[in-house]
Amino acid sequence: MRAAILHKTGQDTLDVRDDVVATGFGPGKVRVRLRAASLCHSDLSAMSGVLPQPAPFVPGHEGAGDVVEVGEGVTGVAVGDRVVLCWMAPCGRCAHCERGRGHLCVASLRRLGAPGFRFGGGESAGGPVEASGFYGTGTFAEEVVVDRDAVITVPADLPYELAALIGCGVTTGIGAAVHTARVEPGASVAVIGAGGVGVAAVQGARVCGAGRIAVVDPVVSRRERALAFGATEALAPEELKAAAKALPGGGFDYVFEAVGRAATVRAGYDATRRGGAVVVIGAGAQDDLAQFTMGELFFNEKRLLPSLYGGAPVPRTIALVVELWRAGRIDLAGMVTHRVGLADVNEAIAQMRGGEALRTVVTLD
């Protein structure tokens with residue numbers, strides 16, 4: 001089968017090969033024929049080393065397809081089911097899972113780097129080379145073998161490319177607004193970063209009934225594009241401070257940081273009113289430190305609310321997203337700005353790096 005391999009961390013491009021095999025099928029496993037994958041900025045962060053993922057690996061963690069085989073002991077999913085992949089699969093047994101916070105389960109991260117693919121030859125003349133899938137998935141491949149808990153069924157009439165979007169970015173952004181922040185009707189909201197996650201947060205704030213939704217991005221086309229998804233105004237980063245000061249209370253009720261950098265978290269904090277909340281949904285580097293004084297944290301009572309994967313069990317958030325899509329309350333199709341085949345996945349990477357694409361779907365038919 002075909003798959004795209006990153007051989008070494010730091011490389012800019014992927015090696016698209018046709019000699020790759022998905023490995024590891026057995027009890028408790030599910031084999032999925034992928035039909036569509038979506039490129040997320042986190043994939044680029046893994047390629048560059050910002051997010052930990054041992055190489056060689058198959059990038060991609062937003063994907064949708066059909067179950068073609070189930071292993072012994074697998075229940076709740078059958079051959080022919082349409083599924084999306086969950087890149088942080090819950091174990092169902094740990095303290096987080098038992099508290100109903102399965103999105104915080106780290107069991108799957110213990111398998112980070114575990115082999116999921118094999119390809120022949122490569123730079124090693126000694127025989128086949130093993131590769132992992134990004135965070136246990138690896139959706140830039142025609143087929144994957146994953147744990148049962150890493151697949152979530154979706155309705156058969158949900159198009160593959162739209163289902164792929166809800167595997168991470170859309171679920172993260174909408175869940176942050178609905179579950180983590182619980183934005184109230186009429187609230188003022190700013191979203192820093194107008195990529196896929198940021199636009200999903202805009203849509204989530206709109207669903208919650210926010211009265212004012214300002215999107216902040218340095219790229220004019222990106223921030224203006226967000227207006228079509230429910231933003232009420234588009235601001236350059238240098239305009240955020242003045243816009244916040246002009247609001248009652250001197251700041252926004254909620255600021256969503258969808259970039260993943262300490263500087264934008266700090267800017268979000270400064271743009272939030274006293275008693276408001278900064279919701280951090282961008283995936284950043286472990287050595288990028290955001291700084292606050294103890295005095296301002298105490299005096300301003302601004303809440304820092306990190307939100308991981310939608311802030312609730314992923315199946316619950318995905319079910320909500322599907323319901324909102326069915327009701328016409330969110331726009332998934334409009335988020336797909338580019339489409340490429342797997343052979344052209346490096347074109348998708350260039351589109352993401354240049355800020356041209358909101359979401360590029362990689363078709364795998």
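Colleague: Which residue has its backbone oxygen 2.8 Å from a polar atom of the side chain of R274?

Modeller: First, a word on what we are looking at: this is a predicted model, in which local features need pLDDT of at least 70, side-chain atom pairs count only at pLDDT 80 or more, and totals for chains, interfaces and linings use all residues. Residues are numbered from 1 along each chain as its sequence is written, and side-chain values use heavy atoms, with hydrogens and water left out. R274 touches G249, F299, N300 and K302, not counting residues up to four places away in sequence (touching, or contact, means heavy atoms within 4.5 Å). The backbone oxygen at 2.8 Å from the R274 side chain belongs to F299.

Colleague: Is R274 buried, partly exposed or exposed?

Modeller: R274 sits in strand β16 (strands are DSSP runs of E of at least two residues, helices are runs of H or I of at least four, and both are numbered from the N terminus). Buried means under 20% relative accessible area, exposed over 50%, and partly exposed in between, using a 1.4 Å probe and protein chains only. With a relative accessible area of 47%, R274 is partly exposed.

Colleague: Why is strand β15 largely enclosed by the rest of the structure?

Modeller: β15 covers residues 252-257, and 4 bridges also join it, in parallel, to strand β12 (residues 188-192). There, the partner of I192 is E257. β15 is largely enclosed because the number of its 6 residues that are buried is 6.

Colleague: How many residues does the largest nonpolar core have?

Modeller: A nonpolar core is a set of buried Ala, Val, Leu, Ile, Met, Phe, Trp, Tyr and Cys residues joined through side-chain atoms within 4.5 Å. In the largest one, the residues with the most contacts inside it are F140, I166, V183, V189 and F256. Helix α5 (residues 196-208) gives the largest share of this core, 8 residues. The size of the whole core is 104 residues.

Colleague: Which residue's side chain makes a polar contact of 3.1 Å with the side chain of H338?

Modeller: H338 lies in strand β18 (residues 336-341) and is buried, with a relative accessible area of 17%. A polar contact is a pair of N or O atoms within 3.5 Å; within protein, one must be able to donate a hydrogen and the other to accept it, and residues adjacent in sequence count only if both atoms are side-chain atoms. The partner at 3.1 Å is E356.

Colleague: Within what arc do the buried residues of α11 fall, seen down its axis?

Modeller: Helix α11 (residues 345-353) has V345, A348, I349, Q351 and M352 as its buried residues. They line one face of the helix, because they fall within a limited arc, taken from the directions from the helix axis to the C-beta atoms. That arc is 160 degrees.

Note on methods
Pairing = 2+ DSSP bridges.
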